[in-house]
Amino acid sequence: MSAPLLETRGLSKHFGGVHAVAGLDLAMAEGEVLGLIGPNGAGKTTVFNLLSGFLRPDAGAIRFRGGSLLGQSPHAICRRGLARTFQIVRPFPRLSVLDNVMVGALARHPAAPRARAHARAIVERLGLGAKAAQPAAGLTLAERKRLELARALATEPALLLLDEVMAGLNATEIAGVVALIREIHRGGVSILITEHNMRAVMALSHRIVVLNFGEIVAEGAPAAVANHPRVVEAYLGEEYVAAPSR
Amino acid sequence: MTSSPLTRRTFLKATLAGGAIAGAPRPLRAQPKPFRIAAVHPVTGPLAEPGQACRLGAQLAVEAVNAGGGIKSKGGMPLELLLGDTQSKPENGRIEAERLVNQGAQMLLGSFDSGSTAAMVSVAQQKRVPFLIDIAAADPITANVARSVKEGQQKVQYVYRNFPTGSTFGRKAVQYFTEIFAEAKVTPKRVALMHCNDLFGVNQSRGFLAAYKAAKPPWTLLEDDVIPWPEPPSDLSTEVARLKALKPDVISPITRPASALLLLPEIRKQRIESLGIVGPGSPGLYEAGQIAALKEDLEYVMASNPWPNFRSPKTQRLAEDYQKRSGGRLFDTNSGYSYDAVFVIADVLERAAKLDDPDAIVEAIQKTSYTAGLMQYGGPVHFNEIGDNPNAIPTMIQILKAKPVAVWPKDAALQKFVFPRPKA
Amino acid sequence: MSLLRLDSIEAGYRDLVAVHEVSLQVRAGEVVALIGGNGAGKTTTLRAITGLLPVRRGRIELDGERIDGRAPSEVVARGIAHVPEGRQLFPTLSVRENLELGARDRARRADALASVFALFPRLRERERQLAGTLSGGEQQMCAIGRALMACPRLLLLDEPSLGLAPVMVKLIFETLATINTDGTTILLVEQNVARALALAHRAYVLENGRIVLDGPRAALQQSEHVKQAYLGL
Amino acid sequence: MLFGGVFSLMAVGLTLIFGVMRVVNFAHGDMMVWGMYLAWLMATRGGVDPYLGFVVCAAALFVLGFVVQRVLVQRIVDAPHEMQILLMLGVALVLENLALLLFGPEPQRVRSALAQSTVWLGPVFVDVARLIAFAVAVLLTLLLSLFLYRTDVGRSIRAAADNPYGALVIGTDVRRVYAVAFGVGAACVGAAGALVAPLLPFQPPMGLQLSVASFNIVIIGGMGSLLGAFVGGLIVAVAESLGAVFLKPSLKELVSFSLLVLILLFRPAGIFGRRAS
Amino acid sequence: MRRVAIAAAVALLAMLPLVPSVFGSYAVTLFTLIFFYGFLGQAWNIVGGYAGQLSAGHAAFLGIGAYTAALLSVERGVTPWLGMCRIIVSNTEALGGAVGYYITFTGDPRQFQFQDARAYYYVALVMMLAVTGIVAWLERRRFGVYLSAIREDESACEALGVNTFRYKMLAMMLSSFLTGIGGAFYAFYLFSLQPASVFGIPLSVEIIIRAIVGGAGTVLGPILGSFILSPLAELARYYFAQGGWHGAHLVVYGLLLIAVVLFLPEGAYPRLARLFRR
């Protein structure tokens, strides 16, 4: 196997006395879809914040495309090709949908007209074309989730971190997002996804890492992980619950 | 307290009436059209107090001129004041001057603080409207215009000032200090200068220091230990403690009314022994309200200020009138100089060949030699090549038995000064 | 007669109509569940009942008395207590202060507090602790306790299981059953459909702001539509 | 240093209003000036010593604050932040110039028999008036915290400050709570005004300066934190007098300004502030 | 329609150059100050409106600009035209001791002084239009989009590759630079400079309230605000400043300000834009 796309070694972060992430070793190959699951408070969002530069790890290393991400600011990490979405969607409410996506596009296309054209293409591709000129504040939750995806995608990432993009969506909407993620993956983007909707994450991921109390408790192919006793214990058989964490 | 709300109401009524008289056209007899003067003063904002005094002074003067038959050489033409408010902000000096000129003002009068006065200068020069500065001390206001006329950039100077300049203040104060100390047969070795750290206080203290350096008098100013305070202050105890450490023979403060209310009681409380308090000239040390509030703390305090000539019965009569109309305020520097300015304008108009030509008015201004002023002058009001009145000078006044009294120079004195201050 | 009756109400935010012609009834002593996906209008319906959102059309009656158009303070005074989504506690106030703020009636406050502590012994242990420092489950207890302090006739609950560990969800739902047995009527909004249906006597299914299905618990548990859309089966 | 108590009281009023309504009361200083003038009116017309009269001043300012909130601020609670600032600036302008119209421009000072005397405490002598002002201000701040922590209304105010939506949901009449909170904040600054009226000469235009001083303290102490405002007031007063002793007196104001800049650089949420999450 | 609104505004602006030939010099002065405040409001708008960073210390930049231009001119004979371009280089050493400068009135255009007050009118107009043009241009460019996004959500911006610190800094620099230019104009229009008036908080307030009344973060907001508030101030002064009721006109102005806020709680421009959209 060639050098991994993303690799963490001994990644640790604690808040006060709580070890949110404890010595995490994670590796992802180019083109992979990796599912990161675990019960609430397992440390998934902290991992995302560490990878994307919003938090500084207490210890450990992060390497991405052969270079270290330690000490890099979020915007620099984004420019290196690692984009993320937020669990609680954060659109720019008073900006139009197109301008929202354009903020992402400008990272690759400094000239406004080109960025706008690029943003428009992505908006169309994600099915938000009809709403392009509307302020983002007026979108439904499902549309906001798509917008969140569109913005991240517009930065043309090599790796996309998706934080609970399906939380709060109904079955039809979830199906739509799953299809969309598949399509994005086909376009050559590697994906790291956390999700409470087991069916979706099992269906999407090539490999799954289960996190509990900041540590990896299981790792492997979706089917194998689903039957792992420690995973069943952690989830208490609540696999059909689509409740988002807080 | 003299200005309780009740008398305030009468004051308001009085000024309102004054405004109406001065402001309304008078259709009574077949009089000629009134000559309109724009009177711009800071009647709101931080400088509202002196600004309102200036306005009332000017209003009383206009009433007096009109009651005396107006401008006789122009068929009894009355004067009319158009009132402007700078709100203590320079840019309003300009826009108010413009507005009033637009409403028909043919001359400008104003405006107490040097910033808005300078802003009015541009209106005067650009629109050719003669401007008599009643109060504003900064030297460059007139000097800069005079220079540009001299260098040929401007044809005519439209700006004149009947008020002591900053440098005059300093020079005269040092002179009076020297004379009074000589008369009292003392030579203080430690005169401590204190001042409010605003534009006025800084300029005033600089003028005083410069004049001291130039005059080299026998007494000694503690030049390296000048004590400033932020204006308005919330507490002067540390400043006064520093003063006490200097062991001053004479305390020489440059105050504003608000800071004087803090400074003098603090000096008493900290029990600083000195020959007396003699200021180089500032407000806060003589006003009726200040005397009422400070009482014995202000007794024997001296300050070198422009001052009305109370030996003249005319001044006394007007001062009484002013006190009634203002709800108990004293006729002093601000009301007095604005009052005189209107009379100087009346004198100018009397002599001007014609009134529809600003240059003719300017010509008359330049030939002024007016002697009937209510203020204490060093000679007739006239204007030198810079446009200033060299005879506009301060007088040393002292609070004696809760009344401000002129005590120096000798020919202006109503009483002999008391210095050193008697021990309580 | 029903305790609460919604008669084709319409409510929403600015340009957006979130619920259309929703009609439902809650009889005294019942537990009624309102289920549906996110954005279906469940929270909006609850907010409209409490007066937190204006009702644009239709009417809401409590015990035959019209309550739409009234301020939340009046609605609460009439006997409806609302446990909002996300708990909405006062994080820098103590647990006890949070609870006491829920009381409408000073005279009955001590009794109410005692019964809430009896229901949630955990809250008594944490009485002096700041609400912001509680765990998620404890916060949910505190929020329910705060609502019970008003001694309501009708308790509205918005997603009480949200973000809680399964053990805690179980505990909360057991307590809700007790509360109902003690005589408080409950209208429950819940995404954890299985749990909700296990507790409720009847349920309404809301989709895109409209009621699409309603009936007794058993009927909905058997419904193919519900199974597919919400139970993940 | 002894001004610290009054500084604290003034800042506590501001931080209370901000903490509850997220409205920056730009008319705070002008409300204080009105407190001073009311004390002056009572002293000159009724012979009431300001150390008693402050109660009336506080009550009057409570009404003013209550009305301002009910009639004006309540209408634009949902408008952008800057519009609220604008509104309060309008209120400040009206208050300042009404004072000018009614009371005239001269600096005033209330004479209290107490303001004249001093006592010696060891090596330093202390103004009795300042000592009283300090003591009363600290007492009032304590009373305020008793009010906020021990009464139902006070608890509602803290609850609404903590989570307005939560307060609404449990049936609190949030509008009334807001008006009471604004009133209490105004009452604090009114009392502060009355307490310093014998110490500090006042004029109508002083309001802005006092507002800015309050903002500095509140930012240093932490926006919305009562303890922060209280301690901030003391810190600023101490820093200013220390600055005056060790630096040129003219730099006194620079001291609190530098303190502000330092705080903004190193603890942007203030000493006792919590970062907004 | 947004376009209609802009077209109407442009048409109105196009008429402005004609003002001096139609109206008297009072109107010219009034408009000059409206333009001046429109200019400063627009400069503030970049940081305060678009980037959402409320900056009350703006007057400090105006002050530094004005002082530098004046000092260069008064003490070194450097033309303010040049001074305007190098304002950003502040002369702190000279500033420290400065307590008020008075500028010699020369009427020499090379000294940025004009015998004819109309010249200031055109300079102020051009300044206002130029800065508005710059802002309108930037609004559709990367810079403008980034600033608006920063106002809405800073950390979301970071996640999308925006160096928020850098753009806030750039906005601040541009805004300060423009404000400094305003300062130079101020000094040579009013012929004097004093720290108390130039550096004061009241001036910051004057600048900011206009932009807010018009609508912060919109292209035409600051100008609209200036056109609304300056005439209101003049009206209040015209009708209420005579007679003995000192301060009555400011009470009235304060009440007008309150009324404006209550009736236009989002600012004038958004309301106007909606009117046109209907």
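1. Nine residue pairs are in polar contact across the interface of chain C and chain D, with both residues of each pair at pLDDT 80 or more. The largest share, four residues, comes from α3(C). By type, the chain C side divides into nine nonpolar, six polar and seven charged residues. Keep in mind that this is a predicted model.

2. The overall contact between these two chains takes 22 residues from chain C and 18 residues from chain D. Together they bury about 1,800 Å². Of that area, 56% is on carbon and sulfur atoms.

3. Charged pairs also feature here. Four salt bridges are found across the interface of chain C and chain D. One salt bridge joins the side chains of Arg109(C) and Asp152(D), at 3.1 Å from N to O.

4. Now to chain B. Seven of its strands form an open sheet with mixed pairing, in the order β7-β6-β8-β9-β10-β11-β12. The edge strands are β7 (227-229) and β12 (403-408), each pairing on one side only. Neighbouring strands are turned by 25° against each other on average, direction ignored.

5. Within that sheet, look at β10 (residues 302-305) and β11 (residues 395-400) of chain B. These strands run antiparallel and are joined by four bridges. Ala303(B) has Ile397(B) in β11(B) as its bridge partner.

6. Helix α8 (residues 237-245) of chain B lies across β6 (191-196), β7 and β8 (250-254) of chain B. This helix runs at about 175° to β7(B).

Technical notes:
Residues numbered from 1 in each chain as written. Chains lettered and ligands numbered in written order. Predicted model: local features only at pLDDT ≥ 70, side-chain atom pairs only at ≥ 80, totals over all residues. Heavy atoms only, no water. Contact = heavy atoms within 4.5 Å. Buried area = accessible area lost by both parts, 1.4 Å probe. Polar contact = N/O pair within 3.5 Å; in protein donor to acceptor, adjacent residues only side chain to side chain. Helix = DSSP H or I, 4+ residues; strand = E, 2+ residues; numbered from the N terminus. Nonpolar A, V, L, I, M, F, W, Y, C, P; charged D, E, K, R; others polar. Pairing = 2+ DSSP bridges. Axes fitted to C-alpha atoms, helices over the stretch in contact; angles between N-to-C directions.
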